[in-house]
Amino acid sequence: MVGTAGDWEARRGPHTLEDVSSESSAAKWITTFLASRAPGTSGGPAAPDPGLMRASDADRERVVTVLTDAVIDGRLTPLEHEERVERVWAARTLGELAELTLDLLPPESQPFRMDSRPVTAFFRTETRGGRWVVPSQIPVTSLGGTVSMDLCEALLQSRHVVVQLAVMAGTVNLTVPEGVRIVTAPDARVRSFRNEVRLPPGATGHAPDAPVIELAGFVFGGKVVARSPKRPRRRLFGR
């Protein structure tokens, strides 16, 4: 027969000092875990608006591709398509480009993302990848979940990005270009970290101006893995 909570406490006996200490430590961890997710707790200056970043020709071409698909399947008229393409090549910032595809695709399918919100995974999987703007400090929270962030096509607002970790029994996967430096903050508590980021072919060390990804915060009962994307296989035959 299954006992009640009272039966269990009676059999277990009174709380010991070790129990109280353990519960107190767990409470502190949970408090820190939740506090790290609250906006405005970093104490640093507000992050710049990603929409103000200058657009590249590659960004403009991505938007033109979306507009061309939209006119082909009838979501835009030829006149609307022409007007928006003109605005694409006149645009100077990412924010100006983003306005041109908001009514054509869902947020996750936009040609680039300017979502600067914290990355959070509670018992699920959260992914950030493709063309997205990475702020100089990005909070990453995982409780029993998996966070996968691919920075290979990302736009970095700073050459030094701080990933503020708050991970309990979760996994954080980072995919970064070859040559990116991954460092751990002096006061970080990252017990399980595997760095598999490669140097570029022929390089013997990191370039002086190589981007830096700094891991801060804590990871308890989980892990962080940083790696480079797989290199394309060389063909033995063929042209």
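This note goes through a predicted model of one protein chain, point by point.

1. Overall make-up. The protein chain contains five helices and 13 strands. It has 239 residues, of which 37% count as buried. Among contacts with a separation of 6 or more, 66% are between residues 24 or more positions apart. The chain exposes about 14,800 Å², and carbon and sulfur atoms supply 55% of that area.

2. The largest nonpolar core. This core has 30 residues, and Met 149 and Leu 165 have the most contacts inside it. At least two residues each come from strands S1 (119–122), S4 (137–143), S5 (146–150), S7 (160–168), S8 (171–175), S12 (212–220) and S13 (223–227). S7 gives the most, with five residues.

3. Surroundings of Met 149. Which residues is Met 149 in contact with, once its neighbours within four places in sequence are left aside? They are Val 119, Arg 128, Trp 132, Ile 138, Val 140, Val 163, Asn 173, Leu 174 and Thr 175. Apart from the core described above lies another, of 18 residues, with Leu 76, Val 85, Leu 94 and Phe 112 among them.

4. Helix H3 (57–72). H3 has 16 residues. From first C-alpha to last it reaches 22 Å, close to the 22 Å expected at 1.5 Å a residue. Its buried residues are Asp 59, Arg 60, Val 63, Val 64, Val 66, Leu 67 and Ala 70. Seen down the axis of H3, these buried residues fall within an arc of 160 degrees, so they line one face of the helix. The cover over them includes H4, H5 and S6. After H3 comes Gly 74, with a positive phi near 90 degrees.

5. Helix H4 (78–90). H4 has 13 residues and spans 19 Å between its first and last C-alpha, close to the 18 Å expected at 1.5 Å a residue. The buried residues of H4 are His 81, Arg 84, Val 85 and Val 88. Why do they sit on the same side of H4? They do so because they cover an arc of only 105 degrees around the axis. As background, an α-helix has 3.6 residues a turn, so residues three or four places apart point the same way. On the other side of H4, Leu 79, Glu 86 and Ala 90 are exposed. The buried residues are covered by elements including H3 and H5.

6. Glu 86. This residue belongs to helix H4. Is Glu 86 buried or exposed? Its relative accessible area is 52%, and because the cut-off for exposed is over 50%, Glu 86 counts as exposed. Glu 86 and Val 64 lie 22 residues apart in sequence, with 9.8 Å between their C-alpha atoms. Val 64 is one of the buried residues of H3.

7. Thr 93. The loop between H4 and helix H5 (94–98) holds Thr 93. With a relative accessible area of 17%, Thr 93 is buried, because the limit is under 20%. Not counting residues up to four places away in sequence, Thr 93 touches Gly 51, Leu 52, Met 53, Arg 54 and Ala 55. With Gly 51 there is also a polar approach: a polar atom of the Thr 93 side chain lies 3.4 Å from the backbone oxygen of Gly 51.

8. Thr 101. Thr 101 is in the loop between H5 and S1. It counts as buried, at 1% relative accessibility. Which side chain makes a polar contact with the side chain of Thr 101? It is that of Gln 110, at 2.5 Å. Leaving aside neighbours within four places in sequence, the contacts of Thr 101 are Val 63, Val 66, Leu 67, Gln 110 and Pro 111. Of these, Val 63, Val 66 and Leu 67 are among the buried residues of H3.

9. Ser 158. Ser 158 is found in the loop between strand S6 (155–156) and S7. At 23% relative accessibility, Ser 158 counts as partly exposed. A polar atom of its side chain lies 3.1 Å from the backbone nitrogen of His 160. The C-alpha atoms of Ser 158 and Ser 136 are separated by 5.2 Å, although the two residues are 22 residues apart along the chain.

How values were computed:
Residues are numbered from 1 along each chain as its sequence is written. This is a predicted model: local features need pLDDT of at least 70, side-chain atom pairs count only at pLDDT 80 or more; totals for chains, interfaces and linings use all residues. Side-chain values use heavy atoms; hydrogens and water are left out. Helices (H or I, at least four residues) and strands (E, at least two) are DSSP runs, numbered from the N terminus. Buried means under 20% relative accessible area, exposed over 50%, partly exposed in between (1.4 Å probe, protein chains only). A polar contact is a pair of N or O atoms within 3.5 Å; within protein, one must be able to donate a hydrogen and the other to accept it, and residues adjacent in sequence count only if both atoms are side-chain atoms. Contact means heavy atoms within 4.5 Å. A nonpolar core is a set of buried Ala, Val, Leu, Ile, Met, Phe, Trp, Tyr and Cys residues joined through side-chain atoms within 4.5 Å. Accessible areas come from the Shrake-Rupley method with a 1.4 Å probe; for residues, only the protein chains shown count as cover. The expected span of a helix is 1.5 Å times one less than its number of residues. The arc is that of the directions from the helix axis to the C-beta atoms.
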